[in-house]
Amino acid sequence: MTALEELLAREEIRSLLARRVRCLDEKDWAGFGATYASDAISHSQQAAVGKPLVGGDEIAAITAEMLKDRTTVHQIHPGEITFLSDTRAEGITPLEDMLWWEQDGRKVWLHGYGHYRHVFEKIDGRWLIKEHALSRLKVETGATA
Amino acid sequence: MTALEELLAREEIRSLLARRVRCLDEKDWAGFGATYASDAISHSQQAAVGKPLVGGDEIAAITAEMLKDRTTVHQIHPGEITFLSDTRAEGITPLEDMLWWEQDGRKVWLHGYGHYRHVFEKIDGRWLIKEHALSRLKVETGATA
Amino acid sequence: MTALEELLAREEIRSLLARRVRCLDEKDWAGFGATYASDAISHSQQAAVGKPLVGGDEIAAITAEMLKDRTTVHQIHPGEITFLSDTRAEGITPLEDMLWWEQDGRKVWLHGYGHYRHVFEKIDGRWLIKEHALSRLKVETGATA
């Protein structure tokens, strides 16, 4: 890639990451799934589901089911992107996520901090998420009456 | 626009958005007003004011009055910018805002999450905010003794 | 600098800032110190240490000592970078920081908001932090049993 091509790829990946969390929080599951490659692997639901999820459709369907009664805010912060080739890149993106829901008549919340660790691939001319994982700095949970 | 020109426009709009919230929280009202076109329309004070505000001067004056006794933090996160022409663009920018003030001897706070939805225009060689709206994911309020 | 060179410098400085807070929160002190010039001046520990710190090694060593028993999250938001020459730039970067630790058997926390104010220099072909200061919008502290 030329320097200019890399700058354009960097912008496209940044927009992809921003679109992913906007679709997630607005529950636009088609838009959310479309940020992943059809053979993408997601590790971040592993604790809940017991195995990695494969492909944008499955990742979106399981995520939609997990979050259907929850209000969520996923905030990403400026991160780091490293290009491994013209069609492959790695990224580390800081995340803060907040989830609110009701359980047994109580208001419950989760507030987490960590880093997304992604592999991106350019497939048919578009950058997509190929691998998705999350490492945590801290998670707090609580409930109010 | 060439690819390079679009990259430069993207950077200029990002800086504009960062300057707007810095001026807002540091109560630099001249700097805040200068991020809007002279005929910009802002919808985000509509609930409080009852009508859209028009122009950087009016938007800044009304916002200054509303926030004069409040400490505020407005945080924007990486978002999406789409160019409609050489001089017009749309943007979606995640926002988290926190306001603290005193009311009837109590400390009151508001903590909100949502997205700014902007139209930008390039006027006399500089990108400015032409339309400003805010959609909400969640707002929490509270008070401490 | 050409427009393209400035875009590349802007990306490099953004990555530097992201790497700095990631290393800080993951307690990678070698990586953290390497984001500063060897004669960098940091003002942000002045309240605790009583004098500015000088050089990446000292800044990292003192910061490591101060934070060794604390969980921290330092979040930066999109900011402003202004180039003063081909090898010197100024930046204003919004910060939110959260620290959690134990003191006298209680869980204590600090939650702050403000702006990093940096001078960057390009030294031996790489952009580094040359001066580091922090201005505050608000700091809250508290404790839980």
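I start at the axis: in chain C, the residue that comes closest to the rotation axis is His77(C), with its C-alpha at 3.5 Å. For that axis, copies are superposed by least squares on the C-alpha atoms of residues with pLDDT of at least 70 in both; pLDDT is the predictor's confidence in each residue, from 0 to 100.

This is a predicted model, in which local features need pLDDT of at least 70 and side-chain atom pairs count only at pLDDT 80 or more, while totals for chains, interfaces and linings use all residues. Residues are numbered from 1 along each chain as its sequence is written, and chains are lettered from A and ligands numbered from 1 in the order in which they are written.

On confidence, the model has an ipTM of 0.91 and a pTM of 0.95. The mean pLDDT of chain A is 96, and 99% of its residues score at least 70.

Now the symmetry. Two copies of a chain are related by a rotation about an axis and a shift along it. Here, a rotation of 120° with 0.0 Å of shift along its axis puts chain A on chain B, at an RMSD of 0.0 Å. The two copies are thus related as by a three-fold rotation axis. In chain A, the C-alpha nearest the axis belongs to His77(A), 3.5 Å away from it. Chain C is laid on chain A by a turn of 120° and a shift of 0.0 Å along the axis, again with an RMSD of 0.0 Å.

Next, the chain itself. Chain A has 4 helices and 7 strands, where helices (H or I, at least four residues) and strands (E, at least two) are DSSP runs numbered from the N terminus. Along the sequence, their order is α-α-β-α-β-α-β-β-β-β-β. The radius of gyration of chain A is 16 Å, close to the 15 Å from the globule rule for 145 residues, so the chain is as compact as a globular protein of that length. That radius is taken over C-alpha atoms, and the rule is 2.2 Å times the number of residues to the power 0.38. Along the principal axes, the C-alpha atoms of chain A fill a box of roughly 55 × 25 × 25 Å.

In total, 17 residues of chain A are in contact with 15 residues of chain B, contact being C-beta atoms, placed from the backbone, within 7 Å. The chain A side divides into 8 nonpolar, 4 polar and 5 charged residues. For those classes, Ala, Val, Leu, Ile, Met, Phe, Trp, Tyr, Cys and Pro count as nonpolar, Asp, Glu, Lys and Arg as charged, and the others, Gly among them, as polar.

The contact between chains C and A takes 17 residues from chain C and 15 from chain A. On the chain C side, α1(C) gives the most, with 11 residues.

That helix has 23 residues, which should span 33 Å at 1.5 Å a residue; the end C-alpha atoms of α1(C) are 34 Å apart, which agrees. The expected span is 1.5 Å times one less than the number of residues. Among the buried residues of α1(C) are Leu7(C), Arg10(C), Ile13(C) and Arg14(C). Buried means 20 or more other C-beta atoms within 10 Å of the residue's own, exposed 12 or fewer, and partly exposed in between, with C-beta atoms placed from the backbone. Just after α1(C), Lys27(C) has a positive phi of about 55°.

Last, Pro52(C), in the loop between α3 (46-49) and β2 (53-54) of chain C. Pro52(C) is partly exposed, because 17 other C-beta atoms lie within 10 Å.

Terms used
Two residues are in contact if their C-beta atoms, placed from the backbone, lie within 7 Å.
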